[in-house]
Amino acid sequence: MDYIIRKISIGADYKNEAMHYSVGQSVYGGHIIRSIDLDEKDNSYNIYIKKDTEVMPWKKFNSHMAISVEYDLEY
């Protein structure tokens with residue numbers, strides 16, 4: 001079963017020091033976070049950003065980091 005990731009938080013202290021990235025968030029000079037994907041080959045999380053029609057990889061986090069994932073829940 002596939003799940004769509006809506007938000008990822010990186011860091012052990014979720015409330016005070018973690019970095020939070022959400023789909024639709026504006027980042028990096030006018031880019032928007034387009035998607036957050038799990039790469040099952042190396043268990044890494046990849047964040048892709050979009051500006052106009054161009055989509056590019058922006059950040060990659062490996063599974064050795066403290067990561068919290070929030071899935072998109074549609075009822």
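**Strands and a surface patch**

Guide: Let's start with Tyr71, which lies in strand S7 (residues 67-71). Keep in mind that this is a predicted model.

Visitor: Why is Tyr71 called partly exposed?

Guide: Its relative accessible area is 38%.

Visitor: What makes the nonpolar surface patch here?

Guide: Tyr3, Tyr71 and Leu73 make it, and it covers about 360 Å².

Visitor: What makes S1 and S7 a pair?

Guide: Pairing takes at least two bridges. S1 and S7 have 5 and run antiparallel, so they count as paired. Ser9 stands opposite Ser68 in S7, for instance. S1 also pairs with strand S2 (residues 19-22), in the antiparallel sense over 4 bridges. There, Ile10 has Met19 as its bridge partner.

Visitor: Why are S3 and S6 called edge strands?

Guide: They belong to an open sheet of 4 antiparallel strands in the order S3-S4-S5-S6. S3 (26-27) and S6 (54-61) each have a single partner strand, so one side of each has no neighbour in the sheet.

Visitor: How do you know that S4 and S5 pair?

Guide: S4 (residues 31-39) and S5 (residues 44-51) share 7 antiparallel bridges. The cut-off is at least two, so they pair. Asp37 stands opposite Asn46 in S5.

Technical notes
Residues numbered from 1 in each chain as written. Predicted model: local features only at pLDDT ≥ 70, side-chain atom pairs only at ≥ 80, totals over all residues. Heavy atoms only, no water. Patch = residues over 30% accessible without salt bridge, like charges linked within 9 Å, V, L, I, M, F, W, Y side chains within 5 Å. Areas by Shrake-Rupley, 256 points an atom, 1.4 Å probe, with all protein chains shown as cover. Salt bridge = Lys/Arg side-chain N within 4 Å of Asp/Glu carboxyl O. Buried < 20%, exposed > 50% of the residue type's maximum accessible area, 1.4 Å probe, protein only.
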